[in-house]
Amino acid sequence: MKKYEVIKNISSNLLVAVVRGENAEEAIRISKACTEGGVKVIELTYTTPDASAVISQLKQELPKDILIGAGTVLDVTTARLAMLAGAEFIVSPSFDTETAKLCNLYKIPYMPGCMTITEMKSALENGCDVIKLFPGRMFGPAIVKDLKAPLPQLDIMPTGGVGLDNVQEWIKAGVCAVGVGGQLAKGTSEDISETARQFIKKIEEVRTQMGS
């Protein structure tokens, strides 16, 4: 899938499930439960043991319309391993120039975690189309307007602190997507699927309110 198509897919779905498993089996269970609940974009973090193997397995076992990306990618070597495993986008908790260059070379979206205007400007200069606002809980939805004042071209995906109680406020603020981890990993597979449905319902409600 082309880079712009992946970004468009993420933006149209708005919800990225951030999956961190204590082991490969748990990560696969959580991912499948999220998709059963309607999630279309999975970010499998490299804090998960055997993350590359998990990505490969998910690519084989999940429906073809599910986007699988890699998260918590700290360096260019891990980014390349994730790509070879089938990751369609790369997410980092911080910005790394070499990872940005690699992703640009292979036309893979790179979403680095940034907190300041300076970091975001640098990421944009290095070809990053979506900036991960991380951790989102340190700011809240009101920060989006302030960031877009000097950088109106900025596409923001907050991660960390996005929940059922505030996901609509983030979307109203103008983000291109949200990353959700904690609430989409709790309980049984049925619990996770139901939570995913609740997130999607809230997203659809706010879309209707906004006329989009």
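Reader: Does threonine 78 count as buried or exposed?

Author: This is a predicted model, in which local features need pLDDT of at least 70 and side-chain atom pairs count only at pLDDT 80 or more, while totals for chains, interfaces and linings use all residues. Residues are numbered from 1 along each chain as its sequence is written, and side-chain values use heavy atoms, with hydrogens and water left out. Buried means under 20% relative accessible area, exposed over 50%, and partly exposed in between, with a 1.4 Å probe and protein chains only. Threonine 78 counts as buried because its relative accessibility is 16%.

Reader: Where is threonine 78 found, and which residues does threonine 78 touch?

Author: Helices (H or I, at least four residues) and strands (E, at least two) are DSSP runs, numbered from the N terminus. Threonine 78 belongs to helix H4 (residues 76-85). Contact means heavy atoms within 4.5 Å. Not counting residues up to four places away in sequence, threonine 78 touches Tyr46 and Val73.

Reader: What is the place of glutamate 43, and which residues does glutamate 43 touch?

Author: Glutamate 43 lies in strand E2 (residues 41-45) and is buried, with a relative accessible area of 1%. Leaving aside residues up to four places away in sequence, glutamate 43 touches several residues, including Val16, Val18, Gly69, Thr72, Phe89 and Met157. Between glutamate 43 and valine 180 there are 9.5 Å in space, C-alpha to C-alpha, although these residues are 137 residues apart in sequence.

Reader: Which residues lie nearest the centre of the largest pocket?

Author: On a 1 Å grid over the protein atoms alone, a cavity is a set of points where a 1.4 Å probe fits but cannot get out; a pocket is an open set with protein on both sides within 12 Å along at least five of seven lines, and lining residues have an atom within 4 Å of a point. Gly160, Gly161, Val180, Gly181 and Gly182 lie nearest the centre of the largest pocket, which is lined by 15 residues. Grid points are joined across faces, edges and corners, and a volume is the space filled by probe spheres set on the points. For the largest pocket the volume is about 270 Å³.

Reader: How many aromatic pairs are there?

Author: Rings of Phe, Tyr and Trp (its six-membered ring) pair if their centres lie within 6.5 Å; planes under 30 degrees apart count as stacked, over 60 as edge-to-face and the rest as tilted. By this rule there is one aromatic pair. Phenylalanine 95 and tyrosine 110 form this tilted pair, at 6.4 Å centre to centre and with 35 degrees between the planes. The pair links distant parts of the chain, 15 residues apart: phenylalanine 95 is in the loop between strand E4 (90-92) and helix H5 (97-105), and tyrosine 110 is in strand E5 (residues 110-114). Phenylalanine 95 is partly exposed, at a relative accessible area of 22%, whereas tyrosine 110 is buried, at 4%.

Reader: Which peptide bond is cis?

Author: The bond from phenylalanine 134 to proline 135 is cis, with omega near -10 degrees. Proline 135 is in the loop between strand E6 (131-133) and helix H7 (143-148).

Reader: What is phi of threonine 72?

Author: Threonine 72 has phi near 50 degrees, a positive value in a residue other than glycine. Threonine 72 is buried, with a relative accessible area of 17%.
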